[in-house]
Amino acid sequence: MNRNLARVVATLLGALAVVLPALAGAYPLQVARNVMLYMALAITWDMLLRSGQISFGIAGLFGLGAYASILGVIRAGMPAWASIPFAAAFSALAALLIGYLILRLRGMYFSIVTLALAEIFRIVIHNLHDFTGGPEGIVAPAGVIFGGSASGLYWLALVGLAVALGASIWFEKSKFHFALTAIRDNEIAASSSGVDIFRWLLATFVITSGIQGLLGGIFVQSYGFATPDSVFSADFTLLPLAMALLGGIHGTVGPIMGAVLLGVASEWLKLQMPYGHLVVYGIIIIIVILFMPRGLYGLARKMARPAEGRAE
Amino acid sequence: MILDIQKLETGYGKLKVLLGVDLKVGKESVGLFGPNGAGKTTLINTIMGMQRPWSGSVKFDGQEIGGKATHLVARSGIALVPQERELFPGMSVADNLELGAAWVPRAAGIEKRQLDMVVQLFPILKERLKQYVGTMSGGQQRMVAIGRALMANPLLLILDEPSLGLQPSIVAEVFERLALLKKEVAILVTEQNVRESLKAIDRGYVLENGAVALEDSAAGLAKNPHVVSAYLGI
């Protein structure tokens, strides 16, 4: 894509994100918050995918952060705002311990273990009734952060998105880009070029999980309560995944495009046919995998520069 | 001695593949020959830390490296051109080359000089720096792979079957370039194509059934009746 055009689009989107609270009412802001949340999750999922590791554990680390945040407020007396970075730290620490054990696995084995982890977290929180509130969930006595102000919650979600975006762009510009692409392409050539594969994977897993925990904290503070079924919902794994696949993987732009399209479309579909949007999601994933393996962004780049085929 | 391997034994599960190999590489170019299954790739994997030695020692530049992690072996100054799939197809030629130097302290600060050396050795890469390597021919990809290894400014360059899957004219070209390189860097190269590689090496070992069966100069090997009948096919 044309570099200048990309810059103009990015600036316009950024400006729109900043002026939106002044122009839009509560409902569009709520939709925007949702889109930004899923966009941020899609970006973090893609960041780990750049190393070739497919995680199905987004909901697990997201939900863990959500519970860390709300329990931090209720059990440890933290102020609501402080519980959000605490949630990030908690999920990052959990990812460090888990990653140390499971990042030696590859391919399907890694994916399945991450899927199982999310379920294990949910069950543990389900059963620690006295501490976590169990299946009925737990309510923050002070209520929603910022007294539930629509623009306050919007800014909070925007901060969460900015953290994910910043990290993703940093990954693209720094040595992470080299290391992760090398690991994805060819582990033998990577390690024999001096890449410490395990450490790069661990760092990536910890950073992306920390951001997922942060988003979980933002989510739970925006509603003032958590139940195991709401914060560990498979939606938090499947929707970001579908968005990144639709928009295009292995970069920052794809997940943004996918999240805007699918996020707005699903909001509309929900009104047209409740629960029908999930069927549409499934169909989109199938079509994208069959016909556009690099997503919409990959397709656009291919059409702009057909000669320079990007080999996979 | 740059590489000094003594009484090296290793294997997979209960199967012993290397039965006490002794091999030395000084400032020279050394060939490693032998039939499929003799243990050539196992030996290289053990040097590179992808395979643990059961016993014996692997000394590189005076330091024991047997059992060290692969990335640490690479950073200490051994560059490997692995067998076949040796590149990062999702990256451009320039990125592949840059990556070769990115993690190796010996290459820090002299990337420009190394790049000049690589494009001088393989001029075709100069005009293709922006191309994705997945779209290049097999011979060009092999050149990028060798170039990437050289970017690390290695003390020892190891090539595992550099002629594999290449057409004869390209094989000859690759060995021509390796012959030029041996002034700059110590080389250990495994090959099935003994005839071509004899032009590029000073000395060679023949590995059979996990042990060194023969060790001689290139000229000596070319005249050896066993080598002639088993590997040169005359």
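**View 1. Strand 1 of chain B and its two partners.** Ile5(B) stands opposite Val58(B) of strand 4 of chain B. Strand 1 (residues 3-12) and strand 4 (residues 55-60) of chain B pair in the antiparallel sense, over five bridges. Here, two strands pair if DSSP finds at least two bridges between them. Helices (H or I, at least four residues) and strands (E, at least two) are DSSP runs, numbered from the N terminus. Strand 1 of chain B also pairs with strand 2 (residues 15-25) of chain B, antiparallel and over eight bridges. Follow this hairpin to its turn and you will find two residues between the strands, with Gly13(B) at a positive phi near 60°. Tyr12(B) stands opposite Leu15(B) of strand 2 of chain B.

Before moving on, please note that this is a predicted model: local features need pLDDT of at least 70 and side-chain atom pairs count only at pLDDT 80 or more, while totals for chains, interfaces and linings use all residues. Residues are numbered from 1 along each chain as its sequence is written, and chains are lettered from A and ligands numbered from 1 in the order in which they are written.

**View 2. The six-stranded sheet of chain B.** This open sheet has the strand order 6-7-8-3-9-10, with mixed pairing. Strand 6 (78-81) and strand 10 of chain B are the edge strands, each pairing on one side only. On average, neighbouring strands are turned by 15° against each other, direction ignored. Axes are lines fitted to C-alpha atoms, for helices over the stretch in contact, and angles run from 0 to 180 degrees between N-to-C directions. Helix 5 (residues 138-151) of chain B lies across strand 6 and strand 7 (156-160) of chain B, at about 170° to strand 6 of chain B.

**View 3. Strand 9 of chain B between two neighbours.** Strand 3 (residues 29-33) and strand 9 (residues 203-208) of chain B are parallel and share four bridges; Leu32(B) has Tyr205(B) as its bridge partner. Strand 9 and strand 10 (residues 211-217) of chain B run antiparallel, joined by six bridges. Val206(B) is partnered by Leu214(B), and Leu207(B) stands opposite Val212(B). Two residues separate these strands in the hairpin, and Asn209(B) in the turn has a positive phi of about 50°.

**View 4. Two crossing helices of chain A.** The axes of helix 12 (residues 235-247) and helix 13 (residues 253-272) of chain A come within 7 Å and cross at roughly 115°. The two helices are therefore roughly perpendicular to each other (angles of 65 to 115 degrees count as such). Among the residues making the contact are Ala242(A) and Met243(A) of helix 12 of chain A, and Ile256(A) and Leu261(A) of helix 13 of chain A. Residues are in contact if their C-beta atoms, placed from the backbone, lie within 7 Å. By class, this contact has 10 nonpolar, three polar and no charged residues. Ala, Val, Leu, Ile, Met, Phe, Trp, Tyr, Cys and Pro count as nonpolar, Asp, Glu, Lys and Arg as charged, and the others, Gly among them, as polar.

**View 5. Where chain B touches chain A.** Here 24 residues of chain B are in contact with 19 residues of chain A. Helix 2 (70-76) and helix 3 (93-102) of chain B are the elements giving two or more residues to this side of chain B. The largest share, four residues, comes from helix 2 of chain B. By class, this side of chain B has 14 nonpolar, six polar and four charged residues.

Conventions:
Angles under 35 degrees count as roughly parallel, over 145 as roughly antiparallel, 65 to 115 as roughly perpendicular and the rest as oblique. Two residues are in contact if their C-beta atoms, placed from the backbone, lie within 7 Å.
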